[in-house]
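This report goes through one protein structure, topic by topic. Please keep the sequence and the 3D view open while reading.

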Amino acid sequence: MSIHQLPAVISGISLAVLPLAIAAQPASDADALDPIVVTATLGPKTVGESLSSVTVIDKDNIERQRPAEFGDLLQAQPGVNLVSDGNYGKTTSVFLRGAGSSGTVFLLDGIRLRSATVGIPPWQFLPPELVESVELVRGAKSSLYGADAVGGVVQAFTLDPEVGSRGWAEIQGGSHNTREITGGLAAREGRSSFLASGVYSDTDGTNVRAGGEDKGFRNAGGLAKLSHNFDQGGGAGLTVFQSEGNTEFEGGDTDFVIRAMGLHLEAVASDYWLTRIQFSEARDEQETFGSFPSTFDTLSRSARWENTLTADVHELVLGAEFMADEVEGSDQFAESSRSNSAVFGQGRLNFSATELMLSLRLDDNEAYGREETGGIALGHQLDGSHRLRLSYATSFRAPTFNDLYLEVPSDFGSYSGNPDLDPEKGQMVEVGLAGRYDSWFWDAAIYQNDVDDLITFVSDPNTSDSTVENVETARIRGVELSSGIETAGWNLAAALTYADTENRDTGARLPRRAEKNLRLDVDRVFSQWSLGASFIAESDRYNDPANASLLPGYGTVDMRAAWDFLPGWSASLKVDNLLDRRYSTSQGNDSVTFESFDYLSAGRTFMASIRYDFGQ
């Protein structure tokens, strides 16, 4: 089936289940579980109005689930495959809707975080204690965010001050000699606010391979925010974030520093014109010691200007963006910097029950030239509770500095980047249907993404010299189902994903992607107590492109409880991986023998905490 045939098929599927869906429950308030999001479009819209597949992990969910790592929030969410080389700060990759690990854009308060050398975000180094909410937007979004938004965009929002002044302190301890201390102060008075928070954690970790030694992790993170809202509307804000520490792995350890700074200014130019500009800087610095020592540092600076123009119920957003990347490392790069200039626009037309959204972006990069991306989405409100959406969008994944310019000489086969690489290009079509009611919602989406010019590692069998080339294509098809209920103290969420990922040149499944995953979160909140559990299951996956190494599927159960035992005082206990499954989602190679081994997740772990909140 071609991408041109798919819309008719998936429209038929969606419309076939429509009568049952509409009969499910009458609603008096269709917006009860339709939160405002800002990542899916250029500007705040409800999830339904965004005409996108969006999952929101809000403050209450994060506080209840108490994730040990940021990746725990994303694991098995709709469309997500999360792969790691073990727990506690080990290398983590996110495959969103089957796109490669560098095919997802990660934003922290609007600031992009990534390594420009390897192309992936530092998921494992973001302390979840400094995060208030997460928006997970699935689908091609290069027409809004430029390069790498092939599978979608993940945006984490840091802690935000509440009205009044308050502070908090928390200590935690648990398995593998894990210790953590968190604290902060925040205030919001009138139109001004500030927040300062910090977290320090240290653990001996566990063995990440059978028979191996424990591999520890140490992390110190900090966050500072200042903001002021103007009397006439708009405002200004400053955010500074840093995470630094050390993580041990098989064959060595890595010192890391992740830093992000952002300054934004928003002003109401007229009754119909809102303008916003943001300046940001992000650093990803990593120095590795051991069998293969190396240093790779990325510095990214950007400026983004957006102008929102409204005319009655219609909206037009016009903007421009400039980004400059600089890299330094122990290995040689033929080029150590590049810049990207872009202009973009989004139009949203509202015709009562029907909405049309158009987006277009032009990127001009000094390394690989011009790329044009666009998108069109159509939504129709079938009744007070049910909305149908259809969309088509293009995307591209930019070659990294390693792909283009890295030079690694060796007597056993050298690697040379390919400066003539083209970006990977994707075309995604999607149909979705959603129902939102007073106390529950459901959402179903089916999509296909065709990706051309895959950047692929190739090696000369005679000399063992290697490089990368645009030589392959991929087809990714998937179905995503999600639902949530909030009623009478119960909070339930369910997500089910099926993805068929195929390399069209070889017929093999794309590596490290599970075909099926399931997530269930159940919590019961009482007056002073809360109890909860999460169940996650994923099917098998291949570790390699040739599909020669199969990693079996797994299932885990997490349990949690919390108790507000005195005014301002609370305690919690969490047991992760209750059934003690030491599963694997990736493989590595021994630094001496070069034999492959499975990276093991941690088994059953316990974590207990005591927290004190004070303030007015």
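In which loop does Phe-594 lie? Phe-594 is in the loop between strand E36 (587–589) and strand E37 (596–598). The model is a predicted one, and the values below are computed from it.

## Two residues with positive phi

Most residues other than glycine have a negative phi. Phe-594 has a phi near 65°, a positive value in a residue other than glycine. Its relative accessible area is 56%. Exposed means over 50%, so Phe-594 counts as exposed.

Arg-512 also has a positive phi, near 70°, and is not a glycine. Arg-512 sits in the loop that runs between strand E29 (490–503) and strand E30 (516–525). With 22% relative accessibility, Arg-512 is classed as partly exposed.

## Cavities

Rolling a probe the size of a water molecule over the atoms shows where empty space is left. Over the whole structure, the search gives five cavities of 30 Å³ or more. The largest cavity has a volume of about 240 Å³. It is lined by 23 residues, and those closest to its centre are Ala-140, Lys-141, Ala-377, Ser-391 and Ala-393. At least two lining residues come from each of helix H5 (142–145), strand E21 (354–365), strand E22 (369–381), strand E23 (386–397) and strand E26 (424–436). Sorted by class, this lining holds eleven nonpolar, nine polar and three charged residues.

The second largest cavity contains about 60 Å³ of space. Among the residues that line the second largest cavity are Glu-63, Arg-64, Asp-523, Arg-560 and Leu-573. Two or more lining residues come from each of helix H3 (59–65), strand E31 (529–538), strand E34 (554–566) and strand E35 (569–576). E34 gives the largest share, three residues. The lining of the second largest cavity is made up of four nonpolar, two polar and five charged residues.

## Nonpolar cores

In soluble globular proteins, nonpolar side chains tend to be buried together. The largest nonpolar core in this model has 36 residues. The members that touch the most other members are Phe-70, Leu-74, Phe-106, Leu-126, Val-134, Val-154 and Phe-241. Leaving aside residues up to four places away in sequence, Leu-74 touches Val-80, Leu-82, Val-94, Trp-123, Val-134 and Val-154. Another core, of 16 residues, lies apart from the largest one and includes Ala-116, Val-327, Phe-333 and Leu-404.

Strands of a sheet pair through backbone hydrogen bonds, either parallel or antiparallel. Here an open sheet is formed by five strands in the order E3-E8-E9-E6-E7, with mixed pairing. Strand E3 (53–57) and strand E7 (111–112) are the edge strands, and each pairs on one side only.

Within this sheet, strand E8 (residues 131–138) and strand E9 (residues 152–158) run antiparallel and are joined by seven bridges.

## Phe-606

Is Phe-606 buried, partly exposed or exposed? Its relative accessibility is 43%, so Phe-606 counts as partly exposed. Phe-606 belongs to strand E38 (residues 605–615).

Phe-606 and Asp-576 are 30 residues apart along the chain, and their C-alpha atoms are separated by 6.5 Å. Not counting residues up to four places away in sequence, Phe-606 touches Gly-173, Gly-174, Ser-175, Lys-574 and Val-575.

How values were computed
Residues numbered from 1 in each chain as written. Predicted model: local features only at pLDDT ≥ 70, side-chain atom pairs only at ≥ 80, totals over all residues. Heavy atoms only, no water. 1 Å grid on protein atoms, 1.4 Å probe; cavity = no way out; pocket = protein on both sides within 12 Å on 5 of 7 lines; lining within 4 Å. Points joined across faces, edges and corners; volume = space filled by probe spheres on them. Helix = DSSP H or I, 4+ residues; strand = E, 2+ residues; numbered from the N terminus. Nonpolar A, V, L, I, M, F, W, Y, C, P; charged D, E, K, R; others polar. Buried < 20%, exposed > 50% of the residue type's maximum accessible area, 1.4 Å probe, protein only. Core = buried A, V, L, I, M, F, W, Y, C linked by side-chain atoms within 4.5 Å. Contact = heavy atoms within 4.5 Å. Pairing = 2+ DSSP bridges.
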